[in-house]
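Subject: A structure for you to look through

Hi,

Here is the structure I promised to pass on. Please open it beside this email and follow along.

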Amino acid sequence: MTAAVFLELRNVFKTFGNFQALRGIDWDVREGEIHCLVGENGCGKSTLIKAVSGVHAPDAGGEMRIAGQEILSFDPMRARALGIQVVFQDLALFPNLSVAENIAFDANLGRGFSPKAAIRRKARETLDRLGHDLPLDLPVDSLSIAERQIVAIARGLAGSARLIFMDEPTASLTRAEVRRLLDLVRKLSAAGIAVVFVSHRLDEVSAIAERITVMRDGRMVGTYPAYALDQRTLIHLMTGIEIASHHVARDCTSRDVVLETRHLSRRGEYDDVSLCLHEGEVLGLTGLLGAGRTELALSLFGMTKPDSGALIVHGQERRFRNNQDALAAGLAYVSEDRLNLGINAEQSIVDNLDIAVLPGLANRFGLISDASRTQLARDWVARLNIKLSSVEDAINTLSGGNQQRVILARWLASHPKILILDSPTVGVDIKNKEGIYALIRELSDQGVGILVISDEMIELFATCDRILHMRNGRIAGDYNPSLITEQALEERIYA
Amino acid sequence: MSENLTGRNVSMDDLLGPLRRVFPARVSGQALATLALAVGFSLVVPGFFSLGSMRSMMFQLPQLGLLALAMAIPMMSGGLNLAIIAIANACGLAMVTVLAHLPLAGHGAGYVTLCILLALMTGMVLGTALGGLTGWLIVRTRVHPILVTLGVMSIVEGTSIWLTRGEVISGLPSLYGQIGNASLLQIPLAFLVFLVVAGVMHVVLQHTSFGISIRMIGSNALATRYSAVNVDRVTIRIYALSGFLCFCAACLMLARYNSASAAYAKSYLLVTVLAAVLGGVDPNGGFGRVTGLVLAMVMLQLIATGFNLLGFSDYLTLAIWGLVLIGVACAQALLKKRR
Amino acid sequence: MPDLSSLRNRPEFWLACVIAIFIVALSLATPNFLSISNFVDLTESYAVQAIMATGLFVVLIAGGIDISFAATASVAQYVAALLATRFGLSPVLVIPAGLIVGTLLGFINATLVHYARVNSIIITIATMNVYFALLMYATGGHSIYNLPEWWSDRITFLQFETAGGDLVRITLPIIVMIASLGLCWVLLNRSKTGRQLYAMGGNAEAARRIGLNISRLQFFAYGFAGFMAALAGLVQANRVGEAVPNALYGTELSVLSAAVLGGASLLGGVGTIGGITLGILMLAIIQNGLNLLDISPYCFEIITGAIILASTSLTALSVRSRTRSRLVEEAPNV
């Protein structure tokens, strides 16, 4: 027995300038179902959500029906009035307003006096329905990420939602929090509210979804029952490419140790971490978000100071005052957050590429010629096969994959002996992912010790010689990828 | 969004690259506008195209020009320095005080020159130190530069007023004025000083690690920190440099007014922001060139002198400067939107 | 009800403590300080700045900044004075006309900020120069002295004699100031528009996605600032009995200081009317205290500057210590 269709799209297009983000979407969501929407970054998922929530108007010609009613004109207010709510990835809360006002903000729309008592009552009711208790008067910016998420969901629910979109809701949650969130989603569904869950974690998706829709390049690949898909099929559907076979792990433990930590600890971040990275070795570091992986990497790169323990680089104990010291010692670190911590978006490719090695380009008067900068940039663009029309263009004119290559070039230009890659292929399409994996293997062949931080099993198994598992700030396991399967490792991580 | 797959050959780049770097589209457009303005005024305003008006322009421009540079460099890093006028006046007062307290009368020119150099050193150290201190406060407190420099402005200006009781301080040796108002081949020394300083600043901003880092910090300070740039040290240097430029402006102001006061040039403060933006400095940081700024200064000066010769008041000039800025800002916003 | 621990995180709380300390210290140091007449005088002398500060505050809450308010006040004041003297219009026409002029100048700011999408500080510096310069050009800097009596007369609402024999007058500027602060409080805390302004200042993108009418809010905020500036201009003329085109020019940064001192954030969405009131009170008390203690008035600026630096950096540092987890971006590496 299938429920009635709540949302129906026929032949929906959305064009930005000369870029088609949505190309003829036909899609439906049934009442009260849990539906997962998956696809690579930039496949149009976010645009689709914005189109059905009234933030972006779709191009003329498409057809949209909500609860059987044809929608002609649309805006965020109308979308919410019809029962469509979105929990955005960035949550889109008002950090300076109270929990109560965030949940029941709809009562503040329009003009007149703000109904304070009604807002509190509504917020209290909604939180009760969710079975959560939060202090109503606290400003949202004093809450934890998970609590904020509850507020965002409560806001959707308060608006008498019939369909809630959740855009990557689990990205920054711990496992326990994710489990609670999934319970919540089931509860909503049982109450007749449809949930469209956007996620790329198959374990979550298959745990709750009834149907899975795959998007690619602004088109619908298809909608499938959840039980019919496994991760490889899903990736194949999402990318159209079969992932190449595993890289064969090498034993590098007899080579020189380039980086070693002994009982390294930093309060509240990581605890008693001892690890060894050998010359030419690719060492994976995995674990849940918040397990302390990035925090550890930042200490290795001199950006935070460990409270205790020793950091040994090329056999010498080091205490970095800052990342310039780390760079001078032959370390390099590519951040996971390319947009905020990686690129200088509006600046040119040259500027982005040579920023870390500028002092080295200077002549004896401290001056840097444009020619030497351009030359350096062109060399690296050629070596990493970065596709661009001019190195003077702003880096944000490039695709995510090419941006990441520029950032890699930034650090490779410093000729590092130890390279730390934090989620190196986030937001990179599959073709470029393969290229980056090949580059990692090539660099390791040249003797660079590489630490790959990632939670994508495919990525770890495609590159690593050894994988460390971090949990709650500690090293919880050391695995040889040849001796364990992706599923087995994943189960241990999420256990 | 759009992936560039054309893979166009880079030979165009080879040819045009260096030219484009010295004269990017915006600067070329600005140069044309400046030229048009100059020609227009020469045709319309009698006496505009003359040695006299040229010289008066070259006398007037450097002071605002140096102050605008002092404002523009922090702006390129995403900050702002509201304390520039206060620092410049403090430098001027310090230099006059030093000179007024040294026994100059009856001594030879050599001795007087030495004393002037001593005074200049005092001013330079003071200006750079006040600027550096401002930068240090910004780095340490992580409060928005507008607020920190507002506080520094109040303190520095207040101290100057307090120590001078708000009075004008004079007592410069005549030699100072002679040098300050001298000309070389009909070109005022002040203008030459401005050109040299601007030239050095151009090289610093475009061709040193420090200068390039300034703009990178302006576009994304966090990413720049992650790129192993010592953002805090650069920030302190930015404001120290801004303080040094205030000192340079103070030297010219001393020569021009033959005195110093805590209240000189106060109305220039916000005008320097306008001049910097007009010169292509992005108020959000990340972009700006000395060439653009110099052209903007010339443009503003042409407007001022032209309208002055036409008999309009200074206030009308100020209003027109404001309108020009609004016009340019709107035009840029529209162009950006179209792209 | 907020408990004490949350109170301690509010800059207003600390400001109130500092003010209390100042009041106690100054009362001990000079007998004249803690008298009703001194307080009333002090309030009256800061009323105009306080009225302008309420307007600026609304813009700050909305996530913008307005530097042009003093110029707006001067223009509105002068236009109204011209209408009253040159054309002899009645107050029923003159006062609304002045307020409309101020509001329209605010709308110009809003138009430029919203449609040209230029940084609001740059736009309002530019419009400040344009408004003020055009005013000075048009008037030649001449003041209007012959204001009609209904305007220039001192309007006293309440008058009484203290035990010490001082005559205390509650005059128009004080009443208008209190009314402005009250109006602003009601607007920001009790009206839907006010809550939307806070929301927009807190997260503009979220406000857009939730469907708030951003352009209406921008016009409202800058228009309100213009309106309040005009009101301040009219009150200022009443206080001094003449319309002086450059009387208010130059108060921009000190009014901004008061707002920031009271806990308004330049990033938008943060601050309360109570805080603004305390900020202005703080500046007034310092100046008054210095006068009474016979300390050089030239010290005033130094102390103001030091207090701005101290209070903003203390607030920033206390916020930082509360959010250690993301220390990475904050860690100084000099």
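Below are some notes on what turned up in it.

First, the ground rules. This is a predicted model, where local features need pLDDT of at least 70 and side-chain atom pairs count only at pLDDT 80 or more, while totals for chains, interfaces and linings use all residues. Residues are numbered from 1 along each chain as its sequence is written, chains are lettered from A and ligands numbered from 1 in the order in which they are written, and side-chain values use heavy atoms, with hydrogens and water left out.

pLDDT is the predictor's confidence in each residue, from 0 to 100. Chain B averages 84, and 91% of its residues score at least 70. Within chain B, helix H11 (residues 231-257) has the highest confidence, at 94, and helix H1 (residues 11-22) the lowest, at a mean of 51. (Helices are DSSP runs of H or I with at least four residues, strands are runs of E with at least two, and both are numbered from the N terminus.) Over residues 1-13 of chain B, pLDDT stays under 50. Where pLDDT is low, the predicted coordinates should not be read in detail.

Aromatic pairs

Rings of Phe, Tyr and Trp (its six-membered ring) pair if their centres lie within 6.5 Å; planes under 30 degrees apart are stacked, over 60 edge-to-face, and the rest tilted. The count is 15 aromatic pairs over all chains. In one of them, A:Trp27 and A:Phe165 have ring centres 6.4 Å apart and planes at 45°, so the pair is tilted. A:Trp27 is in strand S2 (residues 19-30) of chain A and A:Phe165 in strand S7 (residues 163-167) of chain A, so the pair ties together parts 138 residues apart in sequence. Are these two residues buried or exposed? Buried means under 20% relative accessible area, exposed over 50%, and partly exposed in between (1.4 Å probe, protein chains only). A:Trp27 is buried at 2%, and A:Phe165 is buried at 0%.

There is also an aromatic cluster formed by A:Phe301, A:Tyr333, A:Trp411 and B:Tyr226.

Where chains A and C meet

Counting contact as heavy atoms within 4.5 Å, 37 residues of chain A touch 28 residues of chain C. The buried area, meaning the accessible area (1.4 Å probe) that two parts lose on being put together, summed over both, is about 2700 Å² here, with 53% from carbon and sulfur atoms. On the chain A side, A:Phe94, A:Asn96 and A:Arg111 lose the most area to chain C, together 18% of what that side buries.

A salt bridge is a side-chain nitrogen of Lys or Arg within 4 Å of a carboxyl oxygen of Asp or Glu. Chains A and C have 2 of them between them. C:Arg209 makes a salt bridge with A:Asp90 at 3.0 Å, N to O, and both belong to a network that also includes C:Glu205 and C:Arg208. The charged end of C:Arg209 also sits over the ring of A:Phe88, 4.0 Å from its centre; this label needs NZ of Lys or CZ of Arg within 6 Å of the ring centre and within 35 degrees of the ring normal.

A salt bridge inside chain A

A:Arg474 and A:Asp271 form a salt bridge, with the closest N and O atoms 3.0 Å apart. A:Arg474 is partly exposed at 41%, and A:Asp271 is partly exposed at 31%.

Enjoy exploring!
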